[in-house]
Amino acid sequence: MMTNGDDAVEVVPVRHVGRYVAGFVVAVALAMLVHTLFSKVSTGQVSCHTSAGARHCHPVTNWRFGWNVVFHYFTSREILSGLLVTLELTAIAMAIGISLGLLIAIMRLSHNRLVSATAWVYTWFFRGTPVYVQLLFWFNIAALYQTVTFGLPFLNVTFAHINLVAFFTPFNTAVVGLGLNEAAYMSEIARSGLISVDEGQIEAATSIGMTRSQTLRLVILPQAMRVIIPPTGNEIISMLKTTSLAIAVSLVELLGAATNIYSANYEIMPLLIVASLWYLIVTTVLSTGQFYVERHYAKGALRTPPPTPIQRLRNDVRGIAAKFTSGRSTARASS
Amino acid sequence: MTTPMVATTPMVEAHGVHKSYGAVEVLRGVDLSVARGEVTCLIGPSGSGKSTLLRCINHLEKHDAGELRVDGHLVGYEARDGKLYERNDKQICAERSRIGMVFQRFNLFQHLTVLDNVTIGQVKVRGVANDAAVVRARELLARVGLVAKEKNYPSQLSGGQQQRVAIARALAMEPKLMLFDEPTSALDPELVGEVLDVMKDLAKSGMTMIVVTHEMGFAREVANSLYFLDQGVIEESGNPREVLVNPRSARLQSFLSKVL
Ligand SMILES: Nc1ncnc2c1ncn2[C@@H]1O[C@H](COP(=O)(O)OP(=O)(O)OP(=O)(O)O)[C@@H](O)[C@H]1O
Ligand SMILES: [Mg+2]
């Protein structure tokens, strides 16, 4: 029994020796990695200067990873406009992927066999072929059909007329290719969310007189979101990086801009680092956003929502501070 | 002509109602009559078709044969010019909204607060203005003793509290009939009383209720009539204070010896 009285028993925590050893090994490895990242190499040239009447010469050294080049191009106009194209492409392709994916998921659950079979075939086709091939396909489709006309077949009724050659610019090709492909993946994610909602919820909604579409919109979808959001976050992050395939349709996005620059100045590694850093930055921002959206849709599912990173940090700091002010104060005084 | 007739017709009337799932015949000709303002208890062994009968009454399931009337109207059909016209989805939803249903597992909307659970049907189905719906919801939550919990989510409530919210949610639709499917079976014994108390109050207020239950005490005390359903047919029925004390059929005798 522990008591809070004068004769309180001291509690000695277990020493985790293994953890300290593992921590030490990892720390050394990290230090080595950082060292190579920022180490300098001789360029073979010599630079000289005079100071206080004496002439000093020393070999010119450079960052092995060309950080000065990285820094120079990091916010250059070409890179930033490539980044903008990447962001636009990600946003539009995902918007298409999410809305079309949701529609296909709902179609999959339809009682009409033709409707659900069509949805199944769509997913089968677009998941079953490489996205790179699909991009090339859309890029070349104008060779097959110069124009498309929307209307009723065999009836001479037309609603719209599209010139495919003019429509399939590199950007539009990438949007269509990536968006349609994404819809296939998103539809499976949406479907798993929809079927995760308890059947009792649907019964309850029906019993108070909601129609099928009200039940879907007001009861099923909001609860399915909790299941749909985390993998959708992954899909957005994955899409951000997949946009780099748009080089195949000669679209100059972030990687394309970096490629253009290094094919002129041969600074390959620094420019790949520039592109990678931007991808990392955007991914970090997206992950943070995902956390808050997830938290929003977890409402009602958990008795207490998880702490935000800021709350967690505050708790950690408080916990450490408490440790130092209480138990450790005597130890520090004696050392 | 029609007014006196409606006043005397039973709230629910079933004649030879059949329902099968594939080859399994679950309801095999059920006859039942529930008068307005009365409480009817439905008892029977597991799998006898009690839930199925309730689900047919509010048209969550379609019965295959027989006549089923709620408030004088055929469930799911309209009789006109000597023909039966199947009702469209909108009419069925409207019909259903006036029949409250309370489930064994509460089925509160998990993503909505207690207050929103009680307002959503009013606003989205009955078209009540939001402010009026909130006022009405608070009244109903007060009636089931849960005003303090209106901002909580269902997962933050005890089973008994959740079931009382579910009753308030059903009442918010201004039902003319309430169906209860084993409302206390999923509750810890000490929470059963609070839900039964709410149901007793409701019965006193004149609500027509059909209650599937294993609470024989409630049946004896509150119910006006009792039906014993066994293997898809009504095996015995009558005044619960007589039927429960002096069961005539051997099946009811053996059922009661197991439950009591
Ligand atoms: N959707 C369905 N498909 C096939 N069979 C079903 C379906 N719903 C119910 N049944 C069957 O119908 C029979 C009656 O079910 P029901 O739920 O009405 O029984 P119950 O009297 O409510 O039983 P319990 O006391 O266990 O709730 C059972 O044998 C059940 O397996
Ligand atoms: Mg049942």
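Reader: Let's start with the ligand. Which residues surround ligand 1?

Author: The shell is made by Tyr21(B), Val26(B), Pro45(B), Ser46(B), Gly47(B), Ser48(B), Gly49(B), Lys50(B), Ser51(B), Thr52(B) and Glu182(B). Keep in mind that this is a predicted model.

Reader: Which element gives the largest share of that shell?

Author: That's helix α2 of chain B, residues 50-57, with three residues. Sorted by class, the shell has six polar, three nonpolar and two charged residues.

Reader: And the polar contacts? Which distance separates the side chain of Thr52(B) from an oxygen atom of ligand 1?

Author: For a polar contact, look for a pair of N or O atoms within 3.5 Å. In Thr52(B), a side-chain N or O atom sits 2.5 Å from a ligand 1 oxygen. For Lys50(B), the side-chain N or O atom is 2.8 Å from an oxygen of the ligand. Glu182(B) has a polar side-chain atom 3.0 Å from a ligand oxygen. As for cover, ligand 1 on its own exposes 640 Å², and the protein buries 58% of that.

Reader: Now the empty space. How do I read that?

Author: Rolling a probe the size of a water molecule over the atoms shows where empty space is left. A space the probe can't get out of is a cavity, while a pocket is open.

Reader: What is the volume of the largest pocket here?

Author: About 1,300 Å³. Its lining takes in 36 residues, and those nearest the centre are His111(A), Ile202(A), Glu203(A), Thr206(A) and Arg212(A). Elements giving two or more residues to this lining are α7 (170-196), α8 (199-207) and α9 (212-242) of chain A, along with α2 and α3 of chain B. The largest share, five residues, is from α8(A).

Reader: How does that lining divide by class?

Author: You get 14 nonpolar, twelve charged and ten polar residues.

Reader: Which residues line the second largest cavity?

Author: That one, with a volume of about 30 Å³, is lined by Ile57(B), Asn58(B), His59(B), Val70(B), Val75(B), Ile92(B), Glu95(B), Arg96(B) and Ile99(B). Helix α3 of chain B, residues 89-97, gives the most to this lining, with three residues. By class, count five nonpolar, two polar and two charged.

Conventions. Residues are numbered from 1 along each chain as its sequence is written. Chains are lettered from A and ligands numbered from 1 in the order in which they are written. This is a predicted model: local features need pLDDT of at least 70, side-chain atom pairs count only at pLDDT 80 or more; totals for chains, interfaces and linings use all residues. Side-chain values use heavy atoms; hydrogens and water are left out. On a 1 Å grid over the protein atoms alone, a cavity is a set of points where a 1.4 Å probe fits but cannot get out, and a pocket is an open set with protein on both sides within 12 Å along at least five of seven lines; lining residues have an atom within 4 Å of a point. Grid points are joined across faces, edges and corners, and a volume is the space filled by probe spheres set on the points. Helices (H or I, at least four residues) and strands (E, at least two) are DSSP runs, numbered from the N terminus. Ala, Val, Leu, Ile, Met, Phe, Trp, Tyr, Cys and Pro count as nonpolar, Asp, Glu, Lys and Arg as charged, and the others, Gly among them, as polar. A residue is near a molecule or strand if one of its heavy atoms lies within 4 Å of it. A polar contact is a pair of N or O atoms within 3.5 Å; within protein, one must be able to donate a hydrogen and the other to accept it, and residues adjacent in sequence count only if both atoms are side-chain atoms. Accessible areas come from the Shrake-Rupley method with a 1.4 Å probe; for residues, only the protein chains shown count as cover.
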